[in-house]
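Hi everyone, thanks for making time. Have a look at it first.

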Amino acid sequence: MLYVIAKHSLVIKFKKMKTSLILLLLFLFSIYACDDRRTTSQDSSTALHEGALGRKLVDLSHVYSDKTIYWVTAKEFKLDTVFKGRTDKGFYYSANNFSTAEHGGTHIDAPIHFVEEGQSVDEIPLEKLIGKAIKVDVSSKAMNNSDYLINIDDFMEWETREKTKIPNGSIVLLQTGFSKYYPDKIKYLGTDERGEHAVQELHFPGLSAEGAEWLVEHRNINAIGIDTPSIDYGQSEYFKSHVILLSQNIPAFENLTNLDKLPNKGFEIIALPMKIQGGSGAPLRIIAVLDE
Ligand SMILES: [Zn+2]
């Protein structure tokens with residue numbers, strides 16, 4: 001529209017030029033004022049994004065596909081094409097339906113997953129999902145032992161090495177190294193069988209009940225995450241670490257990836273699950289934002 005007015009102004013007579021110029025300037029100013037308002041409101045709503053642009057982002061989520069790993073009893077991810085191609089009106093159009101269990105792929109466990117009165121996924125406060133994080137790397141032990149249990153010593157070692165306590169309000173990520181096996185079910189889960197009978201075949205590292213209890217009683221963490229299918233190890237029968245953490249409203253992120261790209265400290269996590277009302281868990285897009 002501006003182009004048309006400018007072009008038009010070129011053909012008006014010289015004596016009218018002055019008036020036209022003033023009108024044009026007024027017009028340009030009104031556009032500028034509009035633009036300014038728009039920019040200001042955008043700035044306030046995307047402040048975090050703009051701040052993050054200068055910092056390195058690491059994607060900690062696996063994609064959802066027909067390879068996505070699910071708990072052996074859970075319904076797997078399915079994508080059905082509704083339409084894909086050129087419509088009779090001439091434009092291209094693509095849309096799908098998808099279905100999935102809550103607990104599969106990179107997902108969150110909400111407190112209500114193991115605690116009757118616990119928060120559902122839509123009720124987890126954003127403060128628990130976004131914030132300062134640390135990483136505890138136990139991969140040198142866990143990669144040699146698929147039943148490895150992360151214990152109090154692993155946390156003490158981290159604190160000694162980093163010369164600090166696990167800071168209050170941290171999101172704690174546990175790196176076992178197992179994400180490098182994903183999506184090979186035999187290596188990652190211990191079995192490629194499915195169904196109730198396959199549960200006892202599960203072998204992958206997890207957090208010990210003692211470790212979970214120590215975190216809850218002696219440290220103050222906001223959330224926890226791991227690069228295996230479950231915060232409890234594969235051979236767990238009572239899922240004690242789930243119960244201990246979730247009963248303190250500490251949500252758990254499972255099936256994470258790319259933890260090897262993170263430092264031991266000095267980064268933030270943004271973990272935003274699908275907001276399913278009453279959900280016990282949900283697919284999770286989780287990223288790390290590295291400190292500069
Ligand atoms: Zn889960």
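**Starting from the core**

Let's begin with Ile 224, which is in contact with Val 172, Ile 231, Leu 245, Ile 250 and Ala 252, leaving aside its neighbours within four places in sequence. Contact here says that the C-beta atoms of two residues, placed from the backbone, lie within 7 Å.

Before I go on, a word on the source: this is a predicted model, where local features need pLDDT of at least 70, side-chain atom pairs count only at pLDDT 80 or more, and totals for chains, interfaces and linings use all residues. Residues are numbered from 1 along each chain as its sequence is written.

Now, which residues have the most contacts inside the largest nonpolar core? They are Val 172, Leu 174, Ile 224, Leu 245 and Phe 253, in a core of 56 residues. A nonpolar core is a set of buried Ala, Val, Leu, Ile, Met, Phe, Trp, Tyr and Cys residues joined through C-beta atoms within 7 Å. Buried is 20 or more other C-beta atoms within 10 Å of a residue's own, exposed is 12 or fewer, and partly exposed is in between, with C-beta atoms placed from the backbone. In soluble globular proteins, nonpolar side chains tend to be buried together.

Next, please find β7, residues 170-175. Helices (H or I, at least four residues) and strands (E, at least two) are DSSP runs, numbered from the N terminus. In β7, 6 of 6 residues are buried. Ser 170, Val 172 and Leu 174 are on one side, with Ile 171, Leu 173 and Gln 175 on the other.

What about its partners? Strands pair if DSSP finds at least two bridges between them. Strand β5 (residues 130-137) runs parallel to β7, joined by 5 bridges, and Lys 135 has Leu 173 as its bridge partner. Strand β9 (residues 221-226) also pairs with β7 in the parallel sense, over 5 bridges, with Ile 171 opposite Ala 223.

Finally, some backbone details. Most residues other than glycine have a negative phi, and most peptide bonds are trans. Lys 163, in the loop between α6 (152-162) and β7, has a positive phi near 55°. Asn 255, in the loop between β10 (252-254) and β11 (265-273), has a positive phi near 60°. Are these two buried or exposed? Lys 163 is exposed, with 6 other C-beta atoms within 10 Å, while Asn 255 is buried, with 27. And the peptide bond from Tyr 182 to Pro 183 is cis, with omega near 5°; Pro 183 is in the loop between β7 and α7 (185-188).
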